[in-house]
Amino acid sequence: MNDFLLYEFNKLMKVNKWNLKELARKADIHYSDMSRIFNNKKPLSLHYLDAITEAFQLPKGFFYKGYAKLCFNERNLLDKRRSDAFIYECAKNGFKTELNFILSVMIEEKSKAIRSKYFQNLFHIAEQLFLEGKEKEALPLYEIIIEHMPNSGTEEVAISYFRKFYMTRLTSEGSLVLVRIIEYISYMPPKFQELTILWITATYYMLKNWDEVLHYAKRLERMAKIKEHIGRALMYQAFALTRLGGNLDDILNLIEKYEKINTYYADIAVGNRFVAHIDFGNLHVVDSYINWLLNRDDFYVGIPRIIESYVKLGRLEDAENFIEKYEDQIVEMGNSTDLFKQHLYLDYCYALGLLKCEEDKINEGLDEILNVALKVKNSESHERFQKCLLAIWHYRDFLSEELEEKYIRILS
């Protein structure tokens, strides 16, 4: 134990009028262990430090700044057992100053072999946090590994990229990490390769990049060992073929394949058949689709498609009533920070714009569609942008001078 901690403990014992036996009793530490710690015959573990801190009725981490120096051995290298426990607790509980001190030591280590070992240990700590559901706390550790591991072509770096991609895929950073993760797939063990291809496919689906969805969905089907992933692969292929001009019968055959996987896919296949028919213009199934969606937690995913179907069927009053009935879900989509829900809300705004145009509120409707086009113009959502341009072109004779200027700005 270092002089700083020894001085602090003795000072607090004096204030509390405790002897060493009393401190040991309060901390629930065997007296012989406590004596050996105070006499520098036994290292002070982080577990014992936390127990002593609690005995003095001080907040967790009160002595962490002083403990950081105990994470080193006699050769001034990080002691694996003590430093691993210290990093884990600091990351988990938000002690950033203490954590950054240890991380800076790792980064500045001159020996490549020792530095590699440090970051391999750090990877295991990050994985522990991630698997415990502490994703936010694990992310900075993965980023340190990505940036500072001496050899970037390792499983640890590759898996760190996957974890970062998984955690950021629904944020504005997701598309940037997506580009990098593809480069690292070959460095991953098979299990992570499969997971990575799955989430790449799902991300391209969210971005509506259908060529990439189809490519990676087929790749996933070929490599998948898990039935759940095979189902996802077939489902994403069906979605992509719908947008790429595929044949309805081929799409229904894919749905028939994955509905046999388990009860979940059997249920989802029912809804996806309705969706396929709607997307191919068989709009009469929209009411059956609504009935299937009722009482589902993911009801919101069908809102834009249902409104657009009602508009195309000329059932404008039904569309208005539907919007009024599900106003809360629509508002929740509009306020969500989830990128998928944000995209669904843009689809809703587009459908609302069509509805207003058909109700002879053409300026309002076109303004709604133009706003969607502006938001997606510089994104990777090319399908949405083209869809908006086609709708605006259809109503081009009704553009006011102000909306025409807005339209020209979008095209420039």
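## Basis of the description

The model is predicted: local features need pLDDT of at least 70, side-chain atom pairs count only at pLDDT 80 or more, and totals for chains, interfaces and linings use all residues. Residues are numbered from 1 along each chain as its sequence is written, and side-chain values use heavy atoms, with hydrogens and water left out.

## Helix H1

Helix H1 spans residues 3-16; helices are DSSP runs (H or I, at least four residues), numbered from the N terminus. Its 14 residues reach 20 Å from the first C-alpha to the last, close to the 20 Å expected at 1.5 Å a residue. The expected span is 1.5 Å times one less than the number of residues.

Leu-5, Glu-8, Phe-9, Leu-12 and Met-13 are the buried residues of H1, where buried means under 20% relative accessible area, exposed over 50%, and partly exposed in between (1.4 Å probe, protein chains only). Seen down the axis of H1, these buried residues fall within an arc of 130°, so they line one face of the helix; the arc is that of the directions from the helix axis to the C-beta atoms. An α-helix has 3.6 residues a turn, so residues three or four places apart point the same way. Asp-3, Tyr-7, Lys-14 and Val-15 are exposed on the other side of H1. The cover over the buried residues includes helices H2 (20-27), H3 (31-38), H4 (46-55) and H5 (64-67).

## The nonpolar core

The largest nonpolar core has 155 residues. Such a core is a set of buried Ala, Val, Leu, Ile, Met, Phe, Trp, Tyr and Cys residues joined through side-chain atoms within 4.5 Å. Phe-9, Leu-23, Leu-44 and Ile-303 have the most contacts inside this core, and helix H21 (residues 339-358) gives the most to it, with 11 residues.

Not counting residues up to four places away in sequence, Ile-303 touches Phe-322, Tyr-326, Gln-329, Ile-330, Met-333 and Tyr-348; contact means heavy atoms within 4.5 Å. His-343 lies in helix H21 and is buried, with a relative accessible area of 13%. With the exclusion of residues up to four places away in sequence, His-343 touches Met-206, Leu-207 and Arg-384.

## Positive phi in loops

Lys-17, in the loop between H1 and H2, has a positive phi of about 60° although it is not a glycine. Lys-17 counts as exposed at 77% relative accessibility.

Asn-295 lies in the loop between helix H17 (286-293) and helix H18 (303-312). The phi of Asn-295 is near 70°, a positive value in a residue other than glycine, and Asn-295 counts as exposed at 83% relative accessibility.

Key
Helices (H or I, at least four residues) and strands (E, at least two) are DSSP runs, numbered from the N terminus.
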